[in-house]
Structures are given as structure tokens and as C-alpha cells.
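Hi,

Here is the structure I promised to pass on. Have a look, and my notes follow below.

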Amino acid sequence: MSSAVEEEAPTLVTFGVAWPDLNDGLIYTDVVEPSNNASTLIDLYSTKHKNSAPIQGWLQRIRNGQIRIDGQVETNPNSILRAGLELVYHRLPWKEPDAPYLLEVLFEDDHLVALNKPSGLQVLPGGLFQQRTVLTQLQWRRWKHNSSSLGVSGTSGSREPHPVPVHRLGRGTSGILLCAKTKLAKTRLAAYFADGTSVVREKNTDPEPGTVRKISKIYRALATGILDKDEVVINQPIGMMRYPGVAKGLYIASSAGKPALSKVKVLERDVQGNHTLVQVEIQSGRPHQIRIHLSFIGHPLLGDPLYVTGGLPNCVNSESVDESYAEDGGYQRPRKPVPGDCGYYLHAHQLVLYHPTTNELS
């Protein structure tokens, strides 16, 4: 295996299925717990699932007939619940925002596959993107493979699970995405990422091979302005703040956050265009780390709609929450920029790792 994968590697396979106009909707199941006994239908949903919709949105969903109690449609929001009842909420199918669907295979063996993810494609389901994701294309690819095996041999073959991503790239970030094809590879690769990322050294030059972090991620980015120094080390913690449209909060530069370190190297300065091409190696894996770190030092990514100088969001009054909702009662698309918005220039250029089963490094 060539464990050092770059985007210049020969394309072995391109795969992908065009997205249908509407997705399949979603089904959510809850069982009423004793602690919720004697509460009402609207009380349960507007408290337990308040990140999905405001109370007026849940009232609309209930009256639309989108919730069943033990198999029967219930349209009375004040219906009293008792412990043990099964509640099923059906989120209606919707047209997800446009997204590319073709993926390139840069490397593949029996244990892992490295993909070239295009900008604009989300890795895992979340928010408005529940079907238009890398994960869905991997599922469809595996389903097609199993169907072909069934048609040729009359058996379903090994029926191995579909590959799953072991790390994330932002929706607007392009480049190398690593996916595991076996449980062993998934476990070991997840452990590599949990340990953080660092420059991977040859085993024979490492005095303590067992302590070497086994994966390194190198990105290329286009930053606004001209960086004066050829190399910059950014050691700035990353924390969270409450932010409209992001249920769990927005990651920002914060002294109260978790440690995060990025090594930035200037590759090219465009004085006339007032931007700098940089290479960034991250030695921690905080969400949106490169976008936050470069904006923190005064050089946000070119075209980034969210982060501005200081590593903070490009808007004010971020403590307010948008209570508007869509036809099925769900939150509308956020009016302010959110992390999934595209437009910035960030590419996962190189991934170096010890193979999860052979432990080889090239």
C-alpha cells in the first residue's frame, strides 16, 4: 500500500448515483418513559426535541398528522401520554440543497478506501442534508456491488458492511477522505484520529515507536492578505458559543476551549491579488480548526462566509435564535452563515498513515 496519498494519485474509479429530487423523509421513534408519564404530546416533543423545531413547529407537525401513537395518527397536541407508549414522528420528504454526487477513489484495498471528496458534498447526515452525503453514496455503491454478486452467483457474497468515513471534512472542504471497510480498520483508524495528528516519522528513527502518532493530515488553503512570515505556528484553543442555526453551538477561537495547534507554511504570495497560498498541518483535530486558526491571526480563508478576523463569526447578536419554521414544522434554512456554507478555499492535500492492519508506512 502507498500510505501517503495525494490528490495527484491516479484515479482508479469514479462512482456516484445522481440524487433523486426528494429524499425519503425521516422516521424518529420514541418510547414514553415513566418520567414523562401524564405529560402531553406537545410537552414531550417541544422539550425533548426542541432543537428540531420550535413549539409552533411541533404543533404544526402534530396537526399535520405526522405523529403516530402505537400506530395510530394523533392530531391532538394535548393528548395525555402514559409510560410505554411508542411515538413515531415522520418528517416529510424534502428537496435537499444542490450537492455534487461523483466521488473519485484514490486508493482502495480490503480494509480501507481513500476518496477525493468534492467541495459542496457533506460527509455524514446532518441538518438539511440527510441523503445527499458521502455516506449515502458509499451505501449505494455497496448495495450495487452486493446486487451484482447476487445476480452472477446466486448468492449475496460476503455481505460486508459498506465503508464508513472515519473522520470528517467540512462540506465546503475538498480532498482526501479516509473510510474504513472493516471493523478492525474502523477501530484502529478511529484510535489514530483520537490520538490527534502529528508528523509521522519512520519507525527506525523513532526512539519510542509505540508513542508515535500514526496519522498526519496536511491541507492547502487560500488565505486573505499576505502572511509576512514563511512559517507560523498557531497555538490557539477552540471552544464553543451559542449560535442560531447550529443546535450544538458554533466552534470559535476561545481561551476557555480545548488546545489546538496548527503549523502553517507559506507556499506562494500573490501580492496583487492580496492572498496567500499556505500549507497547514494540524496536530489536533478540532472542527473547523484551519478556518478558525487562520482567521484568528487575521487571515481568514478567501471566500469564507462565516469566520472573520479573530476566529469569530461574521455576524452580531449571535445569541438570538431564529424561531421560523418550514412547511413540515422544521426550522427554516438559517438566515445567518453557518459552518456548512461553502465558498472558502480549503483542500485536504495529503494524508500519511500507518496501515491499520500491516502497520506499514510509505
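A word on handedness before the helices: a crossing counts as left-handed if the near helix is turned anticlockwise from the far one by less than a right angle, and as right-handed if clockwise. Helices here are DSSP runs of H or I with at least four residues, strands are E runs of at least two, and both are numbered from the N terminus.

This is a predicted model, with local features needing pLDDT of at least 70 and side-chain atom pairs counting only at pLDDT 80 or more, while totals for chains, interfaces and linings use all residues. Residues are numbered from 1 along each chain as its sequence is written, and side-chain values use heavy atoms, with hydrogens and water left out.

Now the helix pair. α1 passes α2 in a right-handed crossing. The axes of α1 (residues 41-48) and α2 (residues 55-63) come within 9 Å and cross at roughly 130 degrees; axes are lines fitted to C-alpha atoms over the stretch in contact, with angles from 0 to 180 degrees between N-to-C directions. In contact terms (heavy atoms within 4.5 Å), Leu-41, Ile-42, Tyr-45 and Ser-46 of α1 meet Ile-55, Trp-58, Leu-59 and Ile-62 of α2.

Then there's Gln-131, in the loop between β8 (112-117) and α3 (134-153). Its relative accessibility is 9%, so Gln-131 counts as buried (under 20% relative accessible area; exposed is over 50%, partly exposed in between, with a 1.4 Å probe and protein chains only). Leaving aside residues up to four places away in sequence, Gln-131 touches Trp-19, Pro-20, Leu-22, Asn-23, Asp-24, Glu-96, Thr-136 and Trp-140.

Cheers
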